[in-house]
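Please read them alongside the sequence and the coordinates.

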Amino acid sequence: MLLFVLICNLSFKNYNSRIITITYNYWLQYFYEGKCKSSSNQFQGDLETKSEEALGSKLIGDLHFNHEGHPIMIIGHHILHGKVQDLDKPLVVITKENDNVPDENNVTYGVTAVIKKKMIFKTRPKPIVGEMIKKL
Amino acid sequence: MERTLQQVNTILNLAKLTESDIKKESHVLQFIPQILDSKQVKLLEVNKDTLEYIKSGECLFIKGGEDAHVVVCSNSKTFEFKEAETSNSLLLMPSLNHGKLIEATESRTLKKQEVFGVYHTYYEMRLTKPKLQSLRNALAKYPYKGKNSELSKDAVGLSFTELKNIIQASEEEIINRLEEIPAAKIRGKWRLLDVGFLFGWVSYLDSILREKQLSLEEVTPLNVEDWMGLYDIADVNSKCMSLFMEVDDDSLKWKSAAVSQLFALYLLPELRAFDSKDFFTAWQQSMPVGVTANEEDLNGVALVDYDSTPSLVKYLPEFELPEDINERLDILFRNRTKWTLQAITPYVQPLTDNNLNVAALLTKYARSSNINGVKYYSSKYITQTE
């Protein structure tokens, strides 16, 4: 099983730019809620809503760099060898503002960060021999 | 419990690596206590131009339309707004000194690295040509038939702000389209100038010129403004001038094609299909002095059907056709089975975008054939039985 993990390096800045909703339709309802319905053919299948509370403060793994500057990640029983790459197209992180306003037509997002680089990893299974690994 | 360097080194060794294989600084990745909520924080993929636009402080505008269609607009461009799902897990974390910039530290160190959240979805923006027919349709609900025909004391129509709200296009694209179509701002609200009114406007000016035995070339824009100042309000007059005249410094010329088309649009709808001999006669006779009607000017407005007896002229204005390419071509080919490029271009041109020009669109959505060295386009789907 291949598992690609991309770690995206954000750079935070104060951007004045806003993403402002002018007119609203039912698709935007799903956009705001962070869920989607598989019945619409614009979406690519059901999304799992991750239980975000369960991940908080959890350890993920160890990140090392070899002498060529390539990242190596160890997550559980896997070693992941990776590369640092530029994103083909930058990603911007947008954060909802004025959450107290219930009016859907007023939803605004601020631009909080820009992501230009990623570390991309693929797995290779690594056998763990011998003693148990204590993972916190 | 905190993860220790010893634990990290142990795992490293189990992974068949030693500390000499790696740089001295290692990181432990850990989610922050409250990771980012995808309802609140989202990822938007942008191209380089859009990133520069955002960095300059400009805003983007999300506009929902009927059904699920959503666009996002800058000040001058329109993009389709789509959700993309990836099977990868995207972990977000702040900038790390990825490998190259890590200072060669003396001793082996372990640093904590926060991870803000994990994502499987991001949003894409795909540059698109906005469907602006809705603009004309919206304004057509408030036709202007002349200052003396106004029914209400209050201003009717749509303000520019209202237009920006309901039309899924950028401000600049809306403004450009308002200039192209016969729309005018009357008492602060936008409306569509009625065809009958426009016909009357041009005919009135023509009658003044005939009376004074002058041609349009012999008068100045100021003359026209003065004379037409009695006919209607200044903003409407200047819009009509821009629609139907070429103004070069102080000299004027009729825009032949625009005037011919206007007159065809005025004469045809009554009967929908006009006996072509009668039509061409009436058409030419009604023309202002100095304007010759050419059959080519009917391109995009009407079709001449020579196959029927008597031959007919059918009313078929481009702006009444659907904006979906397949729907539009279906109607066009039902009206006429084979089209030359020249005849079909005015109907297809408005549907082109950066990627596909008229020829490319026709290659993709229609079938072409060669008759006596002339290229004709016909329907990909309907087989003609004639």
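1. Domain bounds, as used here, come from an automatic or database domain assignment. For chain B that assignment gives domain 1 (5-127) and domain 2 (132-256). Taken over C-alpha atoms, the centres of domain 1 of chain B and domain 2 of chain B are separated by 52 Å. Their contact (heavy atoms within 4.5 Å) takes 13 residues from domain 1 of chain B and eight residues from domain 2 of chain B.

2. Two conventions apply throughout. The model is predicted, so local features need pLDDT of at least 70 and side-chain atom pairs count only at pLDDT 80 or more, while totals for chains, interfaces and linings use all residues. Residues are numbered from 1 along each chain as its sequence is written, chains are lettered from A and ligands numbered from 1 in the order in which they are written, and side-chain values use heavy atoms, with hydrogens and water left out.

3. The area buried between domain 1 of chain B and domain 2 of chain B (accessible area, 1.4 Å probe, that two parts lose on being put together, summed over both) is about 680 Å². Carbon and sulfur atoms give 39% of this area. Between the two domains there are 10 residue pairs in polar contact, both residues at pLDDT 80 or more. A polar contact is a pair of N or O atoms within 3.5 Å; within protein, one must be able to donate a hydrogen and the other to accept it, and residues adjacent in sequence count only if both atoms are side-chain atoms.

4. On the side of domain 1 of chain B that touches domain 2 of chain B, the elements giving two or more residues are strand E3 (60-64) and strand E4 (70-73) of chain B. Strands are DSSP runs of at least two residues, numbered from the N terminus. E4(B) provides the largest share, three residues.

5. An open sheet of three strands has the order E8-E10-E9 (chain B), with mixed pairing; two strands pair if DSSP finds at least two bridges between them. Strand E8 (143-144) and strand E9 (183-186) of chain B stand at the edges, each with a single partner strand, so one side of each lacks a neighbour in the sheet. E8(B) pairs with strand E10 (residues 189-193) of chain B in the parallel sense over two bridges, and Leu192(B) in E10(B) is the bridge partner of Pro143(B).

6. Strand E11 (residues 245-248) and strand E12 (residues 251-254) of chain B run antiparallel, joined by four bridges. They form a hairpin with two residues between them, and Asp249(B) in the turn has a positive phi of about 55 degrees. Glu246(B) stands opposite Lys253(B) in E12(B).
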